[in-house]
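What follows is a walk through one protein, from the overall fold down to single residues. Please look at the sequence and the structure before reading on.

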Amino acid sequence: MELISTTAAPAAIGPYSQAVKLGNLLFTSGQIPLGLDGQIVEGGIKEQAHQVFANLKGVLEAAGSSFDQVVKATVFLKDMNQFAELNEIYGSYFGDHKPARSTVEVARLPRDVFVEIELIAVISVEI
């Protein structure tokens with residue numbers, strides 16, 4: 001097991017890692033819309049979702065993976081009424097790649113953000 005840490009995403013704000021690599025699998029911690037300065041991105045669901053994906057991209061790349069290698073996504077939304085907006089942004093990052101996904105509405109997220117996303121991805125094995 002290898003802990004993944006990168007400056008391309010905000011540092012963990014608790015006793016956890018940005019991601020854990022186990023064999024050729026990567027498990028990311030949930031990413032919220034924190035900028036690299038540790039501050040919540042201003043705006044609504046669209047701005048926050050784009051920041052979450054920027055953070056996830058940084059973690060994936062640090063581990064040698066990418067969005068097209070994601071096999072499972074779990075999305076936590078503060079308000080399911082924002083699902084359509086989130087879904088549009090989500091699709092723009094995955095394109096034709098369609099990993100398995102769960103989306104749930106939750107009562108509250110850290111720092112009262114609108115969205116948190118965690119991923120499971122495969123890490124390419126170079127031959």
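Where is the place of Gln 82? Gln 82 sits in the loop between E4 and H2. The letters stand for DSSP runs, with helices (H or I) of at least four residues and strands (E) of at least two, numbered from the N terminus. The model is a predicted one, in which local features need pLDDT of at least 70 and side-chain atom pairs count only at pLDDT 80 or more, while totals for chains, interfaces and linings use all residues. Residues are numbered from 1 along each chain as its sequence is written, and side-chain values use heavy atoms, with hydrogens and water left out.

The protein has six strands and two helices, and their order from the N terminus is β-β-β-α-β-α-β-β. The protein is as compact as a globular protein of its length, because its radius of gyration is 14 Å, close to the 14 Å that the globule rule gives for 127 residues. That radius is taken over C-alpha atoms, and the globule rule is 2.2 Å times the number of residues to the power 0.38. Along the principal axes, the C-alpha atoms fill a box of roughly 45 × 30 × 20 Å.

Of the 127 residues, 39% are buried; here buried means under 20% relative accessible area, exposed means over 50%, and partly exposed lies in between (1.4 Å probe, protein chains only). The accessible surface is about 6,900 Å², and carbon and sulfur atoms account for 53% of it. Such areas come from the Shrake-Rupley method with a 1.4 Å probe, and for residues only the protein chains shown count as cover. When contacts between residues at least 6 apart in sequence are considered, 69% of them join residues at least 24 apart, a contact being heavy atoms within 4.5 Å.

Helix H1 comes next. H1 covers residues 45-62, and its 18 residues should span 26 Å at 1.5 Å a residue, which agrees with the 26 Å between its end C-alpha atoms. The expected span is 1.5 Å times one less than the number of residues. Among the buried residues of H1 are Ile 45, Val 52, Phe 53, Asn 55, Leu 56 and Val 59. The cover over the buried residues of H1 includes strands E1 (2-4), E2 (19-22), E3 (25-28), E4 (70-77) and E6 (115-122), together with helix H2 (83-94). Just after H1, Gly 64 has a positive phi of about 85°.

Gln 82 is buried, at a relative accessible area of 14%. Leaving aside neighbours within four places in sequence, Gln 82 is in contact with Ile 45, Leu 77 and Phe 114. Gln 31 lies in the loop between E3 and H1 and is buried at 6% relative accessibility. Beyond four places in sequence, the residues that Gln 31 touches include Pro 10, Val 52, Asn 55, Leu 56 and Val 59. Pro 10 belongs to the loop between E1 and E2 and counts as buried at 7% relative accessibility. With neighbours within four places set aside, the contacts of Pro 10 include Gln 18, Gln 31, Leu 34 and Asn 55. Pro 10 and Asn 81 are 27 Å apart, C-alpha to C-alpha, and 71 residues apart in sequence.

Arg 111 is in the loop between E5 (100-105) and E6, and Asp 112 is found in the loop between E5 and E6. Arg 111 has a positive phi of about 60° although it is not a glycine, and the phi of Asp 112 is near 55°. Arg 111 is partly exposed at 45% relative accessible area, as is Asp 112 at 38%. Val 122 lies in strand E6 and is partly exposed, with a relative accessible area of 26%. Not counting residues up to four places away in sequence, Val 122 touches Asn 24, Leu 25, Ser 65, Gln 69 and Val 71. Val 122 and Lys 21 are 101 residues apart in sequence, yet their C-alpha atoms are 9.4 Å apart in space.
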